[in-house]
Amino acid sequence: MSESVLLALRGASFAYEDGPPVLGGLDFEVREGRALALLGRNGSGKTTLMRLLSGGLRPDDGELTVEGRPVRYDRTGLTALRTTVQLVVQDPDDQLFAASVGQDVSFGPLNLGLSDTEVRARVAESLAALDITALADRPTHLLSYGQRKRTAIAGAVAMRPRVLILDEPTAGLDPDGQERLLATLDGLRENGTTVVMATHDVDLALRWADDAALLTPSGAHTGPAADVLARTDLLAAAGLRLPWGVAVGRLLRAQGLVTGSAVGPRSPEELAALVTASVTGGDAHVP
Ligand SMILES: Nc1ncnc2c1ncn2[C@@H]1O[C@H](COP(=O)(O)OP(=O)(O)O)[C@@H](O)[C@H]1O
Ligand SMILES: [Mg+2]
């Protein structure tokens, strides 16, 4: 993990008004270009952490830095942060408010004071990235849940953030909708956007993420997804189970059915490749 630290919380503590501490002395880093899955049980503070990273909440103690420079929480500082980090909240109905898809997606760029030409270019680019160009003139209240989610993400993408933070983006989507969203996120990653996703789906995280961060009562534990998601102790502390791919891989290796130190399988396709290779006596190495 030699990629540079783009966004970091150092010693961050936070409690909601009149509430108990949610996060205490937390260190957390987002590295440029690494797809990061943030995992933890309900109520562990994933949403709170994402709101701290995007500047919607301010830590009571500690600080948020962008490329090592502390964020200032005045108008200028927060505008600069918004062009670096964009958060897409879990429920699209908390994010969408304009009458049509195109209007909603143009809101952020308009607020940056960009020219009409530039705003139109950004909206077109962002609708295309989310595969919703055909919905540009559709009233937001007539959209399906999946279309509302895509519109909310398009609004964030139109800000051209370096880091896109998504709070449980696959929750509520059907399997096809989940696959399409992951493909869309892969496209954004290829274009250089750093993507952070909160989820409690360990299988999805193993398959999708470069790095995983487990939020436990003792802090955040971050590392390569295949390593972190094989740590039974950390997963238990985070209230999560072992991904099925890690469990199957262990079983196959324990039975001598596959060899090698490869991780996973991370997907049904990788499982098929492993089993096929072992049956044909070939190299059972996961690509
Ligand atoms: N707006 C709020 N006001 C008061 N307490 C909150 C608020 N939002 C979340 N909490 C509390 O903060 C803790 C962490 O919540 P949250 O960050 O939403 O966790 P997660 O996203 O992992 O489910 C929980 O105990 C929750 O009840
Ligand atoms: Mg949450």
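User: What makes the reach of helix 11 close to the expected value?

Analyst: Helix 11 (residues 268-279) has 12 residues and spans 16 Å from its first C-alpha to its last, close to the 16 Å expected at 1.5 Å a residue. The expected span is 1.5 Å times one less than the number of residues. Helices are DSSP runs of H or I with at least four residues, numbered from the N terminus. The model is predicted, so local features need pLDDT of at least 70 and side-chain atom pairs pLDDT 80 or more, while totals for chains, interfaces and linings use all residues. Residues are numbered from 1 along each chain as its sequence is written, ligands from 1 and chains from A in the order written, and side-chain values use heavy atoms, without hydrogens and water.

User: Why are the buried residues of helix 11 said to line one face?

Analyst: E270, L274 and A277 are buried in helix 11, that is, under 20% relative accessible area (1.4 Å probe, protein chains only). Seen down the helix axis, they fall within an arc of 70 degrees, so they line one face. The arc is taken from the directions from the axis to the C-beta atoms.

User: Which exposed residues does the face turned away from the buried side carry?

Analyst: That face of helix 11 carries P268, E269 and V279; exposed means over 50% relative accessible area.

User: How do you know that T47 makes a polar contact with ligand 1?

Analyst: An N or O atom in the T47 side chain is 2.8 Å from an oxygen atom of ligand 1, and a polar contact is a pair of N or O atoms within 3.5 Å. A polar backbone atom of G43 is 2.7 Å from a ligand 1 oxygen.

How values were computed:
Polar contact = N/O pair within 3.5 Å; in protein donor to acceptor, adjacent residues only side chain to side chain. Helix = DSSP H or I, 4+ residues; strand = E, 2+ residues; numbered from the N terminus.
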